[in-house]
Amino acid sequence: MRKAVATPAIEIDVLPLPNANKPANFAGAVGQYQLKATVDKTDVDTDEAISFKVTLSGTGNIRMLPDPEVKIPTDFEQYDPEVTENISRQNGIISGSKIYEYVLVPRFPGEQKIRPITYSFFDPRQKAYQTLTAPEIIINVAKGSGQFVAPGGSGLSKEEVRYVGQDI
């Protein structure tokens with residue numbers, strides 16, 4: 001025997017996110033998060049792959065987190081990141097981490113810098129926007145045996161070739 005059952009409607013008052021003090025790089029993340037950026041090695045030869053990981057972890061809707069803005073130096077060959085999510089649901093709370101792993105291949109020797117990464121979110125407990133920063137990462141690149149040489153043997157970096165191309 002089937003019987004229809006219904007509960008009274010529940011009203012939820014959803015407040016908009018405040019416009020005051022909203023960081024320029026805010027992309028919609030809500031929760032409490034931490035940010036970490038690491039490389040597996042800081043001393044490498046040209047054409048030697050590096051693993052660069054950016055990890056967002058904490059409490060909130062991990063699956064819906066907007067991607068962090070990562071600026072890789074132009075002297076690196078960069079591949080799309082592999083994204084891994086680790087999500088835990090306990091006592092009505094969603095937490096975990098989202099890891100972006102990039103493979104980077106330096107093409108030119110010298111000191112290379114991966115700029116600091118910032119990530120902004122709204123913390124509903126503090127009722128305020130928060131901005132996290134992962135520090136700059138410095139990678140020392142030595143000339144390897146399979147050195148890539150720019151056409152014409154100029155020895156210029158991709159960045160320098162781009163500027164020279166603008167001057168001509």
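**A tour of salt bridges and strands**

Select Lys98 to begin: Lys98 is buried, with a relative accessible area of 6% (buried means under 20%, exposed over 50%, partly exposed in between; 1.4 Å probe, protein chains only). This is a predicted model, in which local features need pLDDT of at least 70, side-chain atom pairs count only at pLDDT 80 or more, and totals for chains, interfaces and linings use all residues. Residues are numbered from 1 along each chain as its sequence is written, and side-chain values use heavy atoms, with hydrogens and water left out.

Glu85 lies in strand β5 (residues 82–90) and Lys98 in strand β6, so the pair ties together parts that are 13 residues apart in sequence. Strands are DSSP runs (E, at least two residues), numbered from the N terminus.

Now select Asp47 and Arg107, which form a salt bridge of 2.3 Å, N to O. Asp47 is in the loop between β2 (43–45) and β3, and Arg107 in the loop between β6 and β7 (110–114), so this pair ties together parts 60 residues apart in sequence. Arg107 is buried at 18% relative accessibility, whereas Asp47 is partly exposed at 31%.

Move on to strand β3 (residues 50–60): 8 of its 11 residues are buried, so β3 is largely enclosed by the rest of the structure. β3 pairs with strand β6 (residues 93–106) in the antiparallel sense over 10 bridges, pairing requiring at least two DSSP bridges between strands. Finally, select Val54, whose bridge partner in β6 is Tyr100.

Technical notes: Helix = DSSP H or I, 4+ residues; strand = E, 2+ residues; numbered from the N terminus. Salt bridge = Lys/Arg side-chain N within 4 Å of Asp/Glu carboxyl O.
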